Amino acid sequence: MNMRNFILIFGLALLIYPRFILAENWIQGVAHMKIADAPLVDVREMTIKNAFADASFKAGVMVSSEEILLNGLLLNSKVVFQSQGMLRRGEVLSESINNDILTVRVRADIMQYEQSCINSKYLKKILITQFQLAKPKQASIGALYDLPSHVTKRFKQQLESYSNNPNLLLSNKSFTKLNSLNGLDRSEIIRKANYLSRDIGYQFAVFGVIRDISTFNRVKKEFLAENVTTRRNFTIRIYVLDIYHKNIVYEDSYHAEADWNFGLNGTVDMNSSIFWQSDFGRVVLNTISSAIVDIDEVVGCAKSYGQIIHKTGDGLIINLGSKHGLKMGDKFTLNRVMNNTNDSKVSMMMIQSIPNSEVEVLSIDNDTALVSSKSLNASIAANLFDLLSPVNFYQDTKTSNN
């Protein structure tokens with residue numbers, strides 16, 4: 001039986017959708033199961049579940065195998081949310097069969113409760129821009145020149161399936177020039193954030209670069225022979241821009257490798273399931289899934305903002321509506337983005353709340369809402385592109401932590 005690594009994503013679906021600020025905490029687990037006359041695929045699935053249950057038990061988290069639903073990369077095409085969401089993600093380290101006993105070893109990233117936050121009840125608006133390929137020549141093997149666009153689409157699909165939070169928009173353009181990704185400067189970030197804030201009105205932007213898809217040979221010495229396998233790297237660097245704060249709030253690189261099951265000179269059809277079900281295709285999807293777990297936590301813990309897009313005689317129109325979770329009577333407070341420059345001439349962005357500026361939702365449609373207030377301060381102080389935030393966000397967070 002070939003040993004494969006799979007990234008398994010687990011989520012948490014509680015009524016208030018809490019999220020946690022976490023460091024990775026990998027715990028290993030193991031399980032054994034007799035195969036006998038049972039279908040191997042069924043025995044394997046249950047053994048993997050038991051192994052993750054063992055890992056969670058070692059971490060002090062009580063999760064039974066029946067409560068574990070494995071990610072679609074292993075079983076089907078959909079990420080499944082789990083009521084026992086302390087298991088963030090996992091990896092099958094090894095599988096072996098000996099005397100009709102299947103043994104599976106795994107490692108699981110277990111949630112810790114030391115620091116916590118709570119999602120705003122409103123959906124975050126996230127722009128996903130086109131990923132780029134750092135070394136296009138590496139795509140010649142398999143003719144994977146369209147891999148960045150496929151990765152971008154898969155990234156959106158998986159984030160949409162995994163997260164309860166975002167309202168996503170897929171851009172057909174990249175965030176910046178490829179050479180700029182080697183060193184984004186503060187002025188460019190501010191300039192791009194200003195444009196995105198006024199032109200699109202989304203709170204976050206996700207962008208990145210595929211740094212490495214090179215191939216290499218792995219040689220295994222066997223009895224009287226050598227077994228040579230072609231392997232392929234997949235390394236991607238991800239950035240998350242908080243558009244309103246004009247700051248990169250998350251960046252990290254993710255790396256994996258897998259057997260390259262195709263020829264070196266042919267063309268691979270990336271629209272075919274044959275590619276995505278291959279070892280390398282699965283590794284690409286697994287790597288994207290791992291990044292999504294981290295991004296979802298960053299976005300989920302952030303405070304929600306609506307933006308003023310129009311002023312009328314009846315009040316203010318904001319770019320949040322019923323599809324983002326707004327309801328009649330919801331209350332917000334007015335905020336303004338402040339640009340402060342310190343002694344080192346470094347521009348720092350702050351979102352400052354304006355006192356006595358509470359407004360209330362009077363009417364809603366799908367994408368926007370009309371808010372108004374009897375407060376003279378709210379009416380006079382409000383400008384186009386100013387921000388509104390839920391008045392009870394920090395109160396809810398404090399209540400949740402207690």
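Trainee: Where is the place of Asn99?

Mentor: Helices (H or I, at least four residues) and strands (E, at least two) are DSSP runs, numbered from the N terminus. Asn99 sits in the loop between β4 (87-98) and β5 (101-110). This is a predicted model: local features need pLDDT of at least 70, side-chain atom pairs count only at pLDDT 80 or more, and totals for chains, interfaces and linings use all residues. Residues are numbered from 1 along each chain as its sequence is written, and side-chain values use heavy atoms, with hydrogens and water left out.

Trainee: What is the phi of Asn99?

Mentor: Asn99 is not a glycine, yet its phi is positive, about 55 degrees. Asp100, also placed in the loop between β4 and β5, is a residue other than glycine with a positive phi near 65 degrees.

Trainee: Is Asn99 buried or exposed?

Mentor: Buried means under 20% relative accessible area, exposed over 50%, partly exposed in between (1.4 Å probe, protein chains only). Asn99 has a relative accessible area of 67%, so it is exposed. Asp100 counts as partly exposed because its relative accessibility is 31%.

Trainee: Why does Phe280 count as buried?

Mentor: Phe280 counts as buried because its relative accessibility is 0%. Phe280 belongs to helix α5 (residues 279-300).

Trainee: Which residues is Phe280 in contact with, leaving aside its neighbours within four places in sequence?

Mentor: Contact means heavy atoms within 4.5 Å. With those neighbours left aside, Phe280 is in contact with Leu144, Ile213, Arg232, Asn233, Phe234, Ala258, Asp259, Trp260 and Phe275. For one of these, Phe234, the C-alpha atom is separated from that of Phe280 by 8.3 Å, and the two residues are 46 residues apart along the chain.
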